[in-house]
Amino acid sequence: MIGILADTLDDAELLKRAVRSVARVRLTESELVSDDLNIECLVFGSRSRFLAERITLLHEIERKLPCVPVVLVTDRDIAIARVLSRVHVADLVWFDDIEHQLAARVESACKASVLLQLAEQIRRSAAPSALRAALEYSLREARRTPIRNVQELAAAVSYSPVTLFQQFRARAGGRTTLNRFLSALAILRARQLRATGAKWKGVSAQLGIPRGTLGRKSQRWPGCTLSELERIPLYQLLAVFASEHLTPLLDASPSDAGRAPLRG
């Protein structure tokens with residue numbers, strides 16, 4: 001389903017017709033987080049005269065819905081360039097062009113890798129440079145062949161495993177660990193491959209991870225067998241990953257460092 005958020009009901013209905021897909025109109029930010037696990041993409045319509053005021057809301061949506069790409073629709077106005085530089089969206093469409101562009105842009109945004117969006121959030125975060133480089137790399141690689149362990153990751157980004165362990169632990173504040181983060185990425189990719197029709201044996205071979213190891217990883221996160229894993233909708237699994245393994249890294253605060261570290 002496509003979510004639509006606009007300044008006015010008229011604009012929202014205009015965007016809904018242009019999307020030419022199953023869409024639900026929302027007019028307030030509070031409505032976005034109640035049932036959005038099934039939203040594939042959010043179309044955010046804001047006229048240029050209101051856009052500067054809506055940037056804070058766009059940032060809040062990005063924080064609360066990190067797995068949902070946002071297509072911004074606004075007026076063709078050279079004056080908004082400075083405003084647009086302050087926000088990250090999957091695509092931009094002018095109101096004048098929605099009839100022949102919006103549906104295709106939304107479809108493209110839905111197909112874009114959520115992991116790339118998460119990697120971009122890490123890149124722009126306040127995490128230490130070594131950790132930023134390692135996490136961004138691991139998220140990008142997870143679209144193909146996920147990093148299997150910390151040593152492999154450290155070699156790829158030319159940082160010490162000890163440095164990555166320490167920086168991750170300090171940043172996450174005990175809410176997750178680097179091993180769990182990498183293991184969850186492997187499970188995400190395994191679930192994606194299984195969704196294409198690949199058998200678990202083929203998934204295991206493509207990832208270079210024995211099936212038994214995949215099963216143990218799945219039991220640790222999200223806490224189920226491989227048979228149960230394949231019945232979890234991918235959008236739901238991505239949302240849980242972002243909440244449990246990414247949000248702690250983005251929302252880190254000085255007080256987090258005092259929490260007891262997790263093992264593993």
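Buried means under 20% relative accessible area, exposed means over 50%, and partly exposed lies in between, with a 1.4 Å probe and protein chains only. Helices (H or I, at least four residues) and strands (E, at least two) are DSSP runs that are numbered from the N terminus.

**View 1. The whole chain of a predicted model.**
This is a predicted model, in which local features need pLDDT of at least 70 and side-chain atom pairs count only at pLDDT 80 or more, while totals for chains, interfaces and linings use all residues. Residues are numbered from 1 along each chain as its sequence is written, and side-chain values use heavy atoms, with hydrogens and water left out. The protein chain holds 13 helices and five strands, and of its 264 residues, 46% are buried. Its accessible surface, from the Shrake-Rupley method with a 1.4 Å probe, where for residues only the protein chains shown count as cover, comes to about 12800 Å², and 50% of this belongs to carbon and sulfur atoms. Where a contact means heavy atoms within 4.5 Å, 63% of the contacts between residues at least 6 apart in sequence join residues at least 24 apart.

**View 2. Confidence along the chain and at residues 254-264.**
The predictor's confidence in each residue is given as pLDDT, from 0 to 100. Its mean for the protein chain is 85, with 87% of the residues reaching 70 or more. Over residues 254-264, however, pLDDT stays under 50, and for these residues the model has 19 contacts beyond four places in sequence.

Strand 1 (residues 2-6) is largely enclosed by the rest of the structure, because five of its five residues are buried. Ile 2, Ile 4 and Ala 6 point one way from strand 1, whereas Gly 3 and Leu 5 point the other way, and all of them are buried. Two strands pair if DSSP finds at least two bridges between them, and strand 1 pairs with strand 3 (residues 41-45) in the parallel sense over five bridges. Within strand 3, Cys 41 is the bridge partner of Ile 2, and Cys 41 is buried at a relative accessible area of 0%.

Cys 224 counts as buried, with 8% relative accessibility.

**View 3. Two backbone features in loops.**
Most residues other than glycine have a negative phi, and most peptide bonds are trans. Ser 158, although not a glycine, has a positive phi of about 60°; Ser 158 is placed in the loop between helix 7 (150-157) and helix 8 (161-172), where its relative accessible area of 64% makes it exposed. The peptide bond from Trp 221 to Pro 222 is cis, with omega near 10°, and Pro 222 belongs to the loop between helix 11 (211-220) and helix 12 (226-229).

Leu 182, in helix 9 (residues 178-195), is buried with a relative accessible area of 3%. Leaving aside residues up to four places away in sequence, Leu 182 touches Ser 138, Ile 147, Asn 149, Val 150 and Leu 153. Although Leu 182 and Ser 138 are 44 residues apart in sequence, they are 7.5 Å apart in space, C-alpha to C-alpha. Ser 204, in helix 10 (residues 200-207), is buried at 10% relative accessibility, and its contacts, again not counting residues up to four places away in sequence, include Ile 209 and Leu 214.
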